[in-house]
Protein chains: 2
Amino acid sequence: MSELRRDPIAGSWVIVAPERAARPLDFRRPPPQPAARESCPFCPGRESMTPPEIASVRDGDRWRVRVVPNKFPALRVEEDWREDGDGVLTSMPGVGAHEVVIEGPEHVLSLTELPPERLPEVVAMYRSRLRDLQRDFRLAHGLVFKNVGERAGASLEHVHSQIIATPVVPERVHLEFERCAGFLRATRRCRPCDLVARDLKEGVRVVEESPRFAVVEPWAAKAPFETHIVTKEHAAHFEAIDDGAVAEVAGLLRSALQRVERALDSPAYNILFHTAPLNGASPEGWHWRIEIIPRIAGLAGFEWGTGFFINTVPPEKAAAYLRDLKI
Amino acid sequence: MSELRRDPIAGSWVIVAPERAARPLDFRRPPPQPAARESCPFCPGRESMTPPEIASVRDGDRWRVRVVPNKFPALRVEEDWREDGDGVLTSMPGVGAHEVVIEGPEHVLSLTELPPERLPEVVAMYRSRLRDLQRDFRLAHGLVFKNVGERAGASLEHVHSQIIATPVVPERVHLEFERCAGFLRATRRCRPCDLVARDLKEGVRVVEESPRFAVVEPWAAKAPFETHIVTKEHAAHFEAIDDGAVAEVAGLLRSALQRVERALDSPAYNILFHTAPLNGASPEGWHWRIEIIPRIAGLAGFEWGTGFFINTVPPEKAAAYLRDLKI
């Protein structure tokens with residue numbers, strides 16, 4: 001029997017349909033290709049193949065984390081902020097930022113293949129880039145995201161994330177803020193605070209905990225083994241976390257990825273850092289969060305057309321499985 | 001230079017970024033596989049491999065169009081309509097309908113490979129199934145959609161579409177209705193009426209026209225060569241069209257698909273029939289439409305996380321190209 005579940009934050013619906021469980025396809029991610037390694041623009045020694053460095057973590061002339069502008073940017077800081085339109089057709093020049101965070105000199109596919117002690121430097125770099133982008137008043141919203149594997153939209157193997165800052169808050173993100181603000185006005189309750197307390201009390205969707213964070217399978221997971229890292233504190237800005245929180249997040253991100261990679265045999269996946277707008281009013285009654293989305297099921301017409309997802313693995317079952325894995 | 005464009009109906013934003021044009025990958029859809037043909041459950045003679053027929057168009061015992069329940073349904077009419085929840089976590093049993101429209105006895109991949117005179121029968125079947133589903137008061141919304149090619153989520157080759165009827169209006173669809181109703185209240189203007197008039201006047205995004213319909217590349221196309229069939233009449237219900245309109249839609253659907261298949265060398269694609277809710281109040285200031293979405297670019301983390309799409313082909317350029325094709 002399938003079940004419809006409503007996302008308590010975004011308001012969207014999901015169909016949990018275990019009977020439609022994926023046929024036994026081969027979801028395994030291919031190992032790094034030698035050809036890709038030999039011409040990789042992100043490997044040390046090929047720094048001239050990327051645009052000039054924006055930031056880095058280094059020992060002398062050896063870098064461990066390196067941030068560069070995307071060579072094929074969707075948006076550029078050099079454009080002017082200007083809204084054109086006549087009330088029906090609206091446009092603006094493509095002002096924004098599109099950066100690449102090269103997360104290590106090693107030509108590996110996953111953050112879990114880097115030495116664990118280096119992960120906090122990577123998470124701190126995301127924080128530092130968002131803080132820097134915040135200084136540009138034209139940028140309304142920033143998303144740190146990662147594409148791993150071709151099915152998840154990756155075009156290069158070497159371990160990296162991207163940051164896109166847009167001059168408007170994306171409509172879907174804005175609606176989530178509005179919805180949470182509506183709950184706060186109507187009930188004087190913060191919906192994400194209630195949700196994390198509820199998840200921790202019930203336990204069935206919890207994978208792992210640290211003092212300030214929890215790894216959970218969300219109630220209305222859109223994809224099998226979708227995994228969130230949520231804060232137990234009332235906090236809307238990821239980029240405002242302190243160094244202790246950076247270390248906690250890095251540790252949970254690593255173990256959550258290890259579990260997902262073990263469970264699904266190294267699937268393609270995306271990671272998303274949802275945070276409050278870079279500029280303007282902070283959303284009320286909303287929390288920042290990290291989403292790990294395994295991309296084992298394709299996005300067919302129904303999902304594309306309605307935003308209504310069909311998920312073949314109940315999140316409680318996924319949580320039990322991930323929790324019991326030895327990592 | 002890239003440009004941000006706002007979808008005048010849905011409110012979502014798109015980045016039109018021609019500089020990020022797709023690298024020369026091979027997007028060609030593979031020809032039908034002999035193995036798939038030999039075991040295809042939709043071919044004549046294998047009718048017992050599907051659940052019992054719901055409807056068909058036939059000459060005696062030979063069918064030309066056949067509708068069956070999906071063998072692995074996401075939703076079932078046999079469930080009870082009931083909302084469970086406590087104000088935070090909401091769910092309901094998976095009540096709904098999930099049908100498959102087998103569009104011809106021929107084992108072909110595309111509607112364009114069927115004899116043109118058969119297309120109106122297929123479009124009339126979509127209409128007839130939606131009208132029938134409307135009789136079940138528990139069903140709030142119905143989507144006719146088609147997945148062609150693995151990248152578009154197809155698991156079977158044989159030419160077919162699906163219909164999913166859900167007991168709630170999907171959140172994204174609902175917000176589009178709300179947005180159009182808001183325009184109507186604020187300006188006393190129907191936004192889709194204004195939009196089609198504007199597109200026809202400007203001409204640059206128009207591919208083809210018939211007396212009552214137009215084929216256009218939308219202002220804020222989410223994907224290269226995204227193509228819409230829109231009505232020039234003020235009409236929210238696809239399933240209310242008359243037989244003359246069915247013939248016009250079938251003709252435009254065929255020629256639009258021929259153009260897209262020619263332009264992109266038979267890409268994977270989805271077709272979506274967006275129509276008003278099956279039951280309940282009709283949305284005000286909103287029109288039904290058909291969307292053809294070529295799935296040549298994957299959905300990476302940025303699009304997944306924000307609903308903000310990056311499109312490498314400006315719709316005006318795509319329209320000029322499609323318009324000039326000899327079909």
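Two strands pair if DSSP finds at least two bridges between them. The model used here is predicted.

**Exercise 1. Give the strand order of the open 10-strand sheet in chain A, and find its edges.**

Solution. 
1. Trace the pairings. The order is β3-β4-β7-β9-β8-β13-β14-β12-β11-β10 in chain A, and the pairing is antiparallel.
2. Look at the ends. β3 (55-59) and β10 (206-209) of chain A each have a single partner strand, so one side of each lacks a neighbour in the sheet.
3. With direction ignored, neighbouring strands are turned by 15° against each other on average.
4. Check one pair. β11 (residues 213-216) and β12 (residues 227-231) of chain A are antiparallel and share four bridges. Within this pair, Ala214(A) is bridged to Val230(A).

**Exercise 2. Find which strands helix α2 of chain A touches.**

Solution. 
1. Locate the helix. α2 spans residues 119-133 of chain A and packs on the sheet.
2. List its contacts. They are β3, β4 (62-69), β7 (97-102), β8 (141-148), β9 (160-166) and β13 (269-274) of chain A.
3. Get the angle. The direction of α2 makes about 35° with that of β4(A).

**Exercise 3. Describe the contact between chains A and B.**

Solution. 
1. Count residues, with C-beta atoms within 7 Å as the cut-off. Chain A has 60 residues in contact with 61 residues of chain B.
2. Find the top contributor. Helix α6 (residues 301-306) of chain A gives the most to the chain A side, with five residues.
3. Sort the chain A side by class. It has 33 nonpolar, 16 polar and 11 charged residues.
4. Strand β6 (residues 90-93) of chain A runs antiparallel to strand β1 (residues 3-6) of chain B, joined by four bridges. Here Pro93(A) has Glu3(B) as its bridge partner.

Definitions and conventions: Residues are numbered from 1 along each chain as its sequence is written. Chains are lettered from A and ligands numbered from 1 in the order in which they are written. This is a predicted model: local features need pLDDT of at least 70, side-chain atom pairs count only at pLDDT 80 or more; totals for chains, interfaces and linings use all residues. Two residues are in contact if their C-beta atoms, placed from the backbone, lie within 7 Å. Helices (H or I, at least four residues) and strands (E, at least two) are DSSP runs, numbered from the N terminus. Ala, Val, Leu, Ile, Met, Phe, Trp, Tyr, Cys and Pro count as nonpolar, Asp, Glu, Lys and Arg as charged, and the others, Gly among them, as polar. Axes are lines fitted to C-alpha atoms, for helices over the stretch in contact, and angles run from 0 to 180 degrees between N-to-C directions.
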